[in-house]
Amino acid sequence: MDKILWNDEIINEEDVKIGFEDRGYQFGDGIYEVIKIYNGNVFTATEHIDRLYASADKIQLVIPYTKDVMHKMLHELIETNEVENGHIYVQVTRGISPRQHNFPNPAVESVLTAYTKETTRPFAQLENGVKACFVEDIRWLRCDIKSLNLLGNVLAKQEAISKDCYEAIQHRGEIVTEGSSSNVYGIKDGVLYTHPVSNLILNGITRKVILDCCEEIGLKVVEEAFTKDQALAMDEMIMSSTNAEVMPIISLEGQLIGEGKRGEWTEKLQQAFEHKIPSSIGV
């Protein structure tokens, strides 16, 4: 059985005891990250951990470990569980305190939990693409914080699943924001469009990698919001996340995007992304 990181200790899964008054459990008062593991290596670990601490700052949550210590603990967990390919999930809640909406006073210690999971890469979907549908974006206005408050995302994802779709493309009015668990991009006439970084989207780590890949392959990027109608008229569409990587969207609302298959720019982006994946331990 895999081990769990519980605060600063690596312990057996059955020894983890979640406090019934943990503010993460009662209020969603906490933050999290999902970090990809390729060939025993943590991919873009620095960027993920930097974002974890940035989210903590935005909700005035104190993480009682330095970033260096956090890196060390997560690497130790991966090595202990001997994970080759998969991901590590890490979350920090504000801690255990009698239930009240305001922050505990005096402050209590935050609670860190992390675990690993072996997963396979979605090669078939990366090649063949996936279907998506539109869902109204009903979430709060601080989507830039990677918080535990994910009910809006859950409802959007479930609506997509109920329509036999892989992802929900969320929109506020006519403006496309992002997926229920992904960033979204459209490619038209050799230009990649994506919603600019703001409080309305999460600035995805994979998003940053993709924008770097665009520069490498000569694909112009315009960080500009596009509408639902413009999305349907795109030559190619992509969604991205830690586990979905560079995922082609071939159908939206039952309408084919472009030729209804992975496009040339998408394939070039996937190849550029692949070159950034470490090939072996220590690389």
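These legends walk through a few close-ups of a predicted model.

Residues are numbered from 1 along each chain as its sequence is written, and side-chain values use heavy atoms, with hydrogens and water left out. Since the model is predicted, local features need pLDDT of at least 70 and side-chain atom pairs count only at pLDDT 80 or more, while totals for chains, interfaces and linings use all residues.

View 1. Strand S1 (residues 3-6) and strand S2 (residues 9-12) run antiparallel and are joined by four bridges. Strands here are DSSP runs of E, at least two residues, and helices are runs of H or I, at least four residues, both numbered from the N terminus. Lys 3 has Asn 12 in S2 as its bridge partner. Two residues sit between the strands of this hairpin, and Asn 7 in the turn has a positive phi of about 60°.

**View 2. The open sheet.** Six strands line up in the order S2-S1-S6-S5-S3-S4, with antiparallel pairing; two strands count as paired if DSSP finds at least two bridges between them. S2 and strand S4 (41-42) are the edges, each pairing on one side only. Further in, S3 and strand S5 (residues 86-93) share eight bridges in the antiparallel sense. Ile 37 stands opposite Gly 86 in S5.

**View 3. Helices on the sheet.** Helix H2 (residues 45-58) lies across S3 and S4, running at about 175° to S3. Helix H3 (residues 67-81) packs on the sheet too, touching S1, S2, S3, S4, S5 and strand S6 (111-118), and its direction makes about 40° with that of S6. Contact means heavy atoms within 4.5 Å; axes are lines fitted to C-alpha atoms, for helices over the stretch in contact, with angles from 0 to 180 degrees between N-to-C directions.

**View 4. The cavity.** A cavity is a set of points on a 1 Å grid over the protein atoms alone where a 1.4 Å probe fits but cannot get out, and lining residues have an atom within 4 Å of a point.

**View 5. Who lines the cavity.** Among the lining residues are Lys 36, Tyr 38, His 48, Ile 205 and Phe 273. Helix H6 (205-217) and strand S3 (30-38) each give two or more residues, and H6 gives the most, with three. Domain 1 (3-118) and domain 2 (123-276) each supply at least three residues, with bounds from an automatic or database domain assignment.

Methods:
1 Å grid on protein atoms, 1.4 Å probe; cavity = no way out; pocket = protein on both sides within 12 Å on 5 of 7 lines; lining within 4 Å.
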